[in-house]
Amino acid sequence: MNDARRAGGSELLDVRIVRKAYAAATGQPLEVLRDIAFTLARGELGVLVGPSGCGKTTMLRIIAGSDADYDGKVVAPARGRLAMVFQEPRLLPWRTVEDNVRLVAPSVSESALVTLFDVLELTQHRLHYPGELSLGLARRVAVARAFAVEPELLLLDEPFVSLDDALASKLRDELSVLVESRAVTTLLVTHDLDEAVRLADRLFLLSARPAQVLAEVSIRVPRGRRTDAELSVAKAAVVGHLRGPLDPAIKA
Amino acid sequence: MLRLVSLGLLIIVWYIGSFIAGEQMLPAPMTVLNAILTEARSGELFFQLGVTLARVLVAFTLAMTIGSAIGLLMGRVALVNQLGDSWLVVLLNLPALVIIVLAYLWGGLTEVAAILAVAINKLPTAIVTVREGARALDPALDEMAKVFAMPRLRTLRHIVIPQLAPYLAAAGRSGLSLVWKIVLIVELLGRPNGVGFEIGIAFQLFDVTRILAYALAFVVVILAIETLVVQPIERRASRWRLRTA
């Protein structure tokens with residue numbers, strides 16, 4: 001059984017998952033997570049990097065409170081104080097961009113909205129419906145929606161997956177600006193090691209299923225000032241923690 | 001244009017039928033039109049149409065509201081579905097006439113019994129349609145609403161109902177046509193007014209002209225509701241689809 005309670009003190013997020021298993025079609029339990037323990041301090045950006053299908057999304061769902069069926073304890077801000085960007089944008093096709101954002105953040109001020117749309121280059125799309133947007137734009141709306149609620153904790157589930165490199169890189173920069181300017185505690189999930197070392201303050205390397213934390217790497221250089229050489233060193237540090245060759249499912 | 005040709009063809013066939021069958025069995029279109037105008041001038045037509053329409057609207061609203069709520073619950077909660085499913089099968093297969101007769105026997109020849117009989121007849125089809133819609137709701141949007149702590153009513157209004165809209169429209173469309181036909185039977189069997197009552201009198205007098213006059217007048221009313229109310233609502237609800245098509 002789990003014991004979820006609300007976070008306090010300097011640690012905004014405290015995750016201790018002993019075990020999470022699904023009932024497989026065969027009737028046998030399918031273990032997804034085992035002995036996961038990590039914390040995030042206020043304002044930190046943590047990145048969980050691991051191979052596809054290792055249980056990263058499951059972990060985010062547990063932290064978001066969408067899945068309570070696990071053994072362990074998660075201390076996170078209460079609902080209403082956290083926001084999530086899902087793998088798919090999950091916008092309502094019958095509401096405009098602006099209305100999608102206002103739906104979850106009814107008290108957001110016009111000036112806050114203007115700033116958000118400006119940073120994410122959505123200003124000219126305010127009155128468009130999601131069906132009229134490209135995937136990249138729809139992802140931006142999902143990011144705007146998450147920031148509009150002014151969360152204490154922001155959860156990002158592979159928000160740049162299936163975007164071309166140039167667009168993903170641009171969106172990463174925009175996200176970086178937003179996270180920095182608002183000092184919001186963020187947990188990002190990705191299978192892209194390059195993306196992980198670019199964004200993370202702290203990086204948690206996960207094993208294949210059942211996911212366990214193989215290594216924790218802190219990156220001290222501020223996000224905006226990381227040179228290619230420093231990124232390579234960070235990557236090497238992460239890869240060095242792996243016993244064998246880099247798991248092919250992790251994109252280095 | 002094609003609609004007008006089709007309508008013209010119907011009138012021609014009607015004339016030919018009338019010529020073959022004779023005026024008493026099938027009065028010509030002009031005879032029926034004159035009868036409609038005569039009834040309209042006396043005010044009788046509007047009164048009877050109004051009474052029937054009021055019954056249609058009350059029974060329809062009742063059946064749609066309760067049916068949608070039950071359908072939504074059955075589609076979302078497995079336990080409610082298991083509990084209600086056999087009742088639903090019984091209701092679906094109970095002949096309309098049986099429900100009407102039982103309602104009048106148990107409730108007397110009253111307005112309440114009449115309206116309830118009609119609503120109960122429509123209820124199971126509304127439930128079945130909305131239940132299918134509820135089963136097709138996107139769990140990803142549900143999860144999004146929960147993570148963002150959206151209040152239940154807000155979720156229902158802005159996330160659930162828009163997804164149910166096509167199913168509600170289907171239930172509404174089929175419901176309106178079903179309800180008005182049943183209202184006529186209810187009026188024929190146990191009400192002192194309404195189009196069904198008038199048709200009952202005309203039947204006893206073998207007055208085919210009057211039967212056709214009232215039936216046609218009511219079809220026109222239903223068509224007007226369809227064109228002026230139902231279609232604009234549908235257009236409004238599916239505006240985003242048109243924009244993204």
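Helix H10 of chain B covers residues 208–237, so to speak a run of 30 residues, and reaches 42 Å from its first C-alpha to its last. That is close to the 44 Å expected at 1.5 Å a residue. Keep in mind that this is a predicted model.

**Helix H10 of chain B**

- H10(B) has a bend of about 35 degrees, and you'll find it at Glu226(B).
- Which residues of H10(B) are buried? They are Arg210(B), Ile211(B), Leu212(B), Ala213(B), Tyr214(B), Ala217(B) and Phe218(B).
- The cover over those buried residues includes helices H2 (29–42), H3 (44–76), H8 (152–190) and H9 (195–204) of chain B.
- A handy bit of background: an α-helix has 3.6 residues a turn, so residues three or four places apart point the same way.

**H10 and H8, side by side**

- For H8(B) and H10(B), the angle is about 175 degrees and the axes are 12 Å apart.
- Angles over 145 degrees count as roughly antiparallel, and H8(B) and H10(B) are therefore roughly antiparallel to each other.
- On the H8(B) side, the contact uses Ala165(B), Ala169(B), Gly172(B), Arg173(B), Leu176(B) and Trp180(B).
- On the H10(B) side, it uses Phe218(B), Ile222(B), Val230(B), Glu234(B) and Ala237(B).
- Sorted by class, the residues of this H8(B)–H10(B) contact are eight nonpolar, one polar and two charged.

**Ile199 in helix H9**

- Ile199(B) sits in helix H9 of chain B.
- Is Ile199(B) buried or exposed? It is buried, because 23 other C-beta atoms lie within 10 Å, and the cut-off for buried is 20 or more.
- Leaving out residues up to four places away in sequence, Ile199(B) touches Leu184(B), Leu188(B), Ile211(B), Tyr214(B) and Ala215(B).
- Take Ile211(B) as an example: it is 12 residues from Ile199(B) in sequence, and the two C-alpha atoms are 5.2 Å apart in space.

- H4(B) is made of 16 residues and reaches 22 Å from its first C-alpha to its last, close to the 22 Å expected at 1.5 Å a residue.
- There's a kink of about 40 degrees in H4(B), centred on Gly84(B).
- How many of the 16 residues of H4(B) are buried? The number is zero, so H4(B) lies largely in the open.
- The axes of H3(B) and H4(B), which spans residues 78–93, come within 6 Å and cross at roughly 120 degrees.
- That angle makes H3(B) oblique to H4(B).
- Where they meet, Ile70(B), Leu73(B) and Met74(B) of H3(B) face Val80(B), Asn81(B) and Gly84(B) of H4(B) as contact partners.
- The contact of H3(B) with H4(B) splits into four nonpolar, two polar and no charged residues.
- Gly84(B), where the kink of H4(B) is centred, is also among the residues that meet H3(B).

**Chain B as a whole**

- Chain B has 11 helices and zero strands.
- Its C-alpha atoms fill a box of roughly 70 × 50 × 30 Å along the principal axes.
- Of the 245 residues in chain B, 32% are buried.
- Among contacts in chain B with a separation of 6 or more, 72% link residues 24 or more positions apart.

**Chain A and where it touches chain B**

- The contact between the chains takes 18 residues from chain A and 15 residues from chain B.
- Strand E6 (82–85) and helix H2 (97–104) of chain A each give at least two residues to the side that touches chain B.
- That side of chain A has 11 nonpolar, three polar and four charged residues.
- Val75(A) lies in strand E5 (residues 71–76) of chain A, and it is partly exposed, with 19 other C-beta atoms within 10 Å.
- Asp228(A) lies in helix H7 (residues 228–240) of chain A, and it is exposed, with 7 other C-beta atoms within 10 Å.

Methods
Residues are numbered from 1 along each chain as its sequence is written. Chains are lettered from A and ligands numbered from 1 in the order in which they are written. This is a predicted model: local features need pLDDT of at least 70, side-chain atom pairs count only at pLDDT 80 or more; totals for chains, interfaces and linings use all residues. Two residues are in contact if their C-beta atoms, placed from the backbone, lie within 7 Å. Helices (H or I, at least four residues) and strands (E, at least two) are DSSP runs, numbered from the N terminus. Ala, Val, Leu, Ile, Met, Phe, Trp, Tyr, Cys and Pro count as nonpolar, Asp, Glu, Lys and Arg as charged, and the others, Gly among them, as polar. The expected span of a helix is 1.5 Å times one less than its number of residues. The bend at a residue is the angle between axes fitted to the seven residues ending there and the seven starting there. A residue is buried if 20 or more other C-beta atoms lie within 10 Å of its own, exposed if 12 or fewer, and partly exposed in between; C-beta atoms are placed from the backbone. Axes are lines fitted to C-alpha atoms, for helices over the stretch in contact, and angles run from 0 to 180 degrees between N-to-C directions. Angles under 35 degrees count as roughly parallel, over 145 as roughly antiparallel, 65 to 115 as roughly perpendicular and the rest as oblique.
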